[in-house]
Structures are given as structure tokens and as C-alpha cells.
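Dear colleague,

Please find below the sequence and structure that I am passing on to you. My notes on what was found follow directly after.

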Amino acid sequence: MDRTAKADLVSTLNGVFANTAVVVVAHYKGLTVAEMQKLRSQMKQAGATVKVAKNRLANIALDGTDVASIKPLLKGPTLLAYSSDPVAAAKVAVDFAKANDKLVILGGAMGTTALNPDGVKALASLPSLDELRAKIVGLVQAPATKVAQVVNAPAAKLARVFGAYAKKDEAA
């Protein structure tokens, strides 16, 4: 890799670190190419990205970013998983690590908050951004339907009472 390619990679990584919500750091030693491809495709489906970069270049790119707290984790064969959704990268990484013991989660960062492996697992257990949006929409819609039911209930009861009197008169 020549100097210009390294400079481009550092600037790209710096932009990634500045604009992502969460970064997860993991060791990937022993993963096969097929397993890495599977991890990359799962991350892509969730809206996250996996990047393997030289630790020295990643350290340089971390300077001046909110996620600079992950610098001590960059030792050995590390990969970086990141996403703009605060839960996506952590969720996929934790799920993949459960299925494959060769991926070891070291920690990560969410904004200026450093995360240990347990923090990444706790973050992964949260619902995704889309799930939270769906819950909020459901909560907003629920009172509206209940109001419509309450408003319509007296009219329905009144209609049933009139119907009962009409049947009573017909029977008599």
C-alpha cells in the first residue's frame, strides 16, 4: 500500500468514525473467508458495515473523533463494525459471535461512551430503530382507535335499544 492509498484510507476511516453512531471492535482470528463473507452480508442486510484495517492506520483515523476511546482495543487481528443505527452493528456482531466462537467481541463505542463486551451485548439486546418507530406509531394510533370506539359505543347501544323496542312491538 503506497502513501496516497494509506492517506485515502485514513481520511475515509476518519469520516466513518465521525459520522457513525456505534463502532464495535472484535477479533476475527480463525474465521474462514466464507465466514467473513457471511458476516459482511449479514451486516449489509442490517445496514451496517464491516471493515478490516491496519491498526496503526485506524489509530491515526481515530484522532479527533468521538469514538477515540476504542484505541486501546486495536491490538491483533481486529475488525471494525459500524453503523448509523445505534443497534444494528452490535446486534449482528453479537448474534454472529454466538454462532461462531472465533469472533470475539472486544468492546466498542457509542458516541463518546466506551463500551466493554457486556455493554455491546446489552446494546444488541435493545430493539432496533425500526422496531422502536413501529412501537411509537402503535402507541400513537392506539388512543385514536379507543376514542373512536368510545364515541361510537353510545350510538350503537342506542340503536340496539331501538331495535329491541321494535321487535317487542312487532311481537305484540
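Helices (H or I, at least four residues) and strands (E, at least two) are DSSP runs, numbered from the N terminus. The model is a predicted one: local features need pLDDT of at least 70, side-chain atom pairs count only at pLDDT 80 or more, and totals for chains, interfaces and linings use all residues. Residues are numbered from 1 along each chain as its sequence is written, and side-chain values use heavy atoms, with hydrogens and water left out.

Asn 55 lies in helix H3 (residues 55-62). With a relative accessible area of 19%, Asn 55 is buried; that word stands for under 20% relative accessible area, exposed for over 50%, and partly exposed for what lies in between (1.4 Å probe, protein chains only). Contact here means heavy atoms within 4.5 Å. Apart from neighbours within four places in sequence, Asn 55 is in contact with Leu 74, Lys 75, Gly 76 and Thr 78.

Domains

The chain is divided into domain 1 (3-126) and domain 2 (127-171), with bounds that come from an automatic or database domain assignment. The centres of the two domains, taken over C-alpha atoms, are 49 Å apart.

Helix H2

Helix H2 (residues 33-46) has 14 residues, which at 1.5 Å a residue should span 20 Å; its end C-alpha atoms are 20 Å apart, in agreement. The expected span is 1.5 Å times one less than the number of residues. Met 36, Leu 39 and Met 43 are buried in H2. These residues cover an arc of only 60° around the axis, and are therefore on the same side of H2; the arc is that of the directions from the helix axis to the C-beta atoms. An α-helix has 3.6 residues a turn, so residues three or four places apart point the same way. On the other side of H2, Ala 34, Gln 37, Lys 44 and Gln 45 are exposed.

The cover over the buried residues of H2 includes strand S2 (48-51), strand S3 (78-83) and helix H4 (88-99). The axes of H2 and H4 come within 9 Å and cross at roughly 145°; axes are lines fitted to C-alpha atoms, for helices over the stretch in contact, and angles run from 0 to 180 degrees between N-to-C directions. Glu 35, Lys 38, Leu 39, Gln 42, Met 43 and Ala 46 of H2 make this contact with Ala 88, Ala 89, Val 92, Ala 93 and Phe 96 of H4. After H2 comes Gly 47, whose phi is positive, near 90°.

Leu 79 is found in strand S3 and counts as buried at 3% relative accessibility. Not counting residues up to four places away in sequence, the residues that Leu 79 touches include Met 36 and Leu 39.

Gly 30 is in the loop between strand S1 (22-27) and H2 and is partly exposed, at 42% relative accessibility. Beyond residues up to four places away in sequence, Gly 30 touches Glu 35 and Lys 102.

Helix H5

In helix H5 (residues 117-124), the buried residues are Gly 119, Val 120, Leu 123 and Ala 124. Seen down the axis of H5, they fall within an arc of 140°, so they line one face of the helix. They pack against S1, H4, strand S4 (104-110) and strand S5 (113-115).

With kind regards
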